[in-house]
Amino acid sequence: MSLTVSPRGTYDIMPDQALAWQWMEINIREILVAYGYGEIRTPIFEHTELFLRGIGETTDIVEKEMYSFTDKGGRSLTLRPEGTAPVVRAYIQHKLHGQGGSTKLFYLGPMFRQERPQAGRFRQFHQFGVELIGEDSPVADAEVIVLAHELYRQLGLTGLEIYLNTVGCPVCRQEYKKALITSLKNSSDQLCPSCRLRLEKNPLRVLDCKEASCQALTAQAPSLHDFLCQDCRDHFQQVRKLLDQVQVKYKIQPKLVRGLDYYTRTVFEVINHDLGAQNAICGGGRYDGLVEECGGPSVPGVGFASGMERLFMTLEQKGLLPAFSRAPQVYIIPLSAELTTVSFEAAFILRQKGFKVELGYAPKSLKAQLKAANKSGAPLAVIIGEDEWQDRQVTIRQMYEGNQLRVDWADLAVQVAQLLPPAEQD
Ligand code: HAM
């Protein structure tokens with residue numbers, strides 16, 4: 001372990017990158033608010049029990065990936081591995097079901113899973129997500145999928161693929177589970193060790209195993225689609241019809257089951273095929289039993305979450321992140337120790353007028369300070385020297401052109417505004 005390296009699977013967002021993150025976050029917030037979602041900020045940690053119940057005790061997330069700890073009061077707490085269960089907890093806690101109608105919430109922030117790090121997979125990562133709670137109509141499913149699609153489109157992304165499936169309801173799934181176990185039992189020695197256990201505890205999980213031997217076996221297994229009850233079948237047809245109506249393209253993936261147990265009926269993922277192994281930038285679906293499972297009334301829900309690192313990588317890959325500059329507009333250069341109070345005041349005055357200002361702290365030589373000003377990228381330098389200051393004047397230098405102009409101290413802000421390049425003036 002090295003104290004000077006961040007823990008495995010985590011990373012720092014440095015100032016230049018943070019600007020691109022802010023741009024991405026501002027755009028996401030704007031679009032979600034326009035679709036009627038209100039932001040919710042839940043705690044970073046929750047009672048461990050919430051995730052055991054919500055996500056499912058036999059999922060990989062709960063069995064292997066949670067950062068859980070016991071606090072000094074003896075309570076078991078867990079850094080949130082996802083946002084849906086916490087939002088549902090808050091929905092119940094604040095009795096939002098009592099307000100009538102449906103509730104639309106969105107969130108954005110860090111999540112934690114102890115997975116094996118690789119490109120696009122981190123132990124602390126960020127998601128933004130939406131949850132539409134209180135609506136069982138297939139229109140809600142389609143609306144949420146179209147929202148994901150539109151959001152990416154508005155960020156400039158095209159060429160992403162939507163994978164769509166239904167996992168039925170607990171009733172039809174029960175029959176399917178039996179059929180799946182029967183089909184795989186005789187060849188269970190060909191399953192990977194994890195899937196042998198999964199077959200007993202949570203057979204549907206075998207369907208999304210990435211091991212070739214497991215995939216070969218499940219390719220022969222019966223399809224969940226043949227076991228759907230009429231209501232689940234109609235619901236899925238309706239979701240498809242709505243997506244077709246607005247020409248949002250999707251691909252049916254009969255083996256898409258997703259890694260969380262709360263899903264019922266519709267599930268979907270958005271894929272960027274150019275990202276490599278971790279190519280899902282978004283995953284979601286319907287969770288009609290989750291509110292009740294977490295101790296609330298029987299209320300349906302549907303939503304998705306998007307991995308922001310993967311979204312960032314996708315935008316970067318496709319050259320869609322705007323160029324950002326942290327350069328100041330003005331760099332202030334005091335030429336003697338006595339003049340540092342004046343330069344300090346100049347920075348104060350200009351910042352109060354809204355200019356981005358960088359201040360030379362110690363009076364080094366003019367050459368050294370001009371070099372620093374140049375490096376900062378500021379188009380203007382304000383040079384404060386003894387001679388000019390005797391006449392209560394300062395020099396403004398246009399860094400690109402090399403022109404210099406003496407101006408009265410009282411006119412400093414006005415002159416700076418006039419001398420800035422047009423692109424900097426707003
Ligand atoms: P999830 O599929 O586990 O679903 O995660 C959603 C997205 O978060 C993934 O598609 C991926 O982009 C990103 N993600 C997940 N794990 C990592 C990781 N270790 N490193 C980087 N990115 C990651 C959920 O979390 C559900 N709560 C989604 C949902 C909301 N379903 C209904 N409502």
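Colleague: Let's start with helix α11, is it buried or exposed?

Modeller: Keep in mind that this is a predicted model. Helix α11 covers residues 308-317, and seven of its ten residues are buried, so the rest of the structure largely encloses it.

Colleague: Which residues of α11 are the buried ones?

Modeller: Met-308, Glu-309, Arg-310, Leu-311, Phe-312, Thr-314 and Leu-315.

Colleague: And what do they pack against?

Modeller: Two helices, or stretches of them, are on the list: α1 (15-34) and α5 (138-154). The strands there are β5 (103-112), β6 (124-133), β10 (280-286) and β11 (301-307).

Colleague: What follows α11?

Modeller: Gly-319 does, and its phi is positive, near 65 degrees.

Colleague: Switching to charges. How many salt bridges does the structure hold?

Modeller: There are 18 in the structure. One of them joins the side chains of Glu-46 and Arg-89, at 2.7 Å from N to O. Glu-46 sits in strand β2 (residues 45-47) and Arg-89 in helix α4 (residues 84-93), so the bridge ties together parts 43 residues apart in sequence.

Colleague: Are those two buried or exposed?

Modeller: Glu-46 is buried, and Arg-89 is buried as well.

Colleague: What about Asp-71 and Arg-75, how do their side chains meet?

Modeller: In a salt bridge, with 3.0 Å between N and O.

Colleague: OK, and which residue does Arg-258 form a salt bridge with?

Modeller: Glu-269, and the closest N and O atoms are 2.9 Å apart. Arg-258 belongs to the loop between β8 (251-252) and β9, while Glu-269 is in strand β9 itself, so the pair links parts that are eleven residues apart in sequence. Both Arg-258 and Glu-269 are buried.

Colleague: Which residues are linked in a network of salt bridges?

Modeller: Arg-29, Glu-39 and Arg-41 are linked that way.

Colleague: What is Thr-266 in contact with, leaving aside its neighbours within four places in sequence?

Modeller: Its contacts are Asp-141, Ile-145, Leu-164, Asn-165, Thr-166, His-235, Val-239, Gly-284, Gly-285 and Arg-286.

Colleague: How many nonpolar, polar and charged residues are in the lining?

Modeller: By class, nine are nonpolar, five polar and eight charged.

Colleague: Last one. What domains is the protein divided into, and how far apart do their C-alpha centres lie?

Modeller: Domain 1 takes in 15-169 + 229-317, and domain 2 is 330-421. Their C-alpha centres lie 51 Å apart.

Key. Residues numbered from 1 in each chain as written. Predicted model: local features only at pLDDT ≥ 70, side-chain atom pairs only at ≥ 80, totals over all residues. Heavy atoms only, no water. Nonpolar A, V, L, I, M, F, W, Y, C, P; charged D, E, K, R; others polar. Domains from an automatic or database assignment. Contact = heavy atoms within 4.5 Å. Salt bridge = Lys/Arg side-chain N within 4 Å of Asp/Glu carboxyl O. Helix = DSSP H or I, 4+ residues; strand = E, 2+ residues; numbered from the N terminus. Buried < 20%, exposed > 50% of the residue type's maximum accessible area, 1.4 Å probe, protein only.
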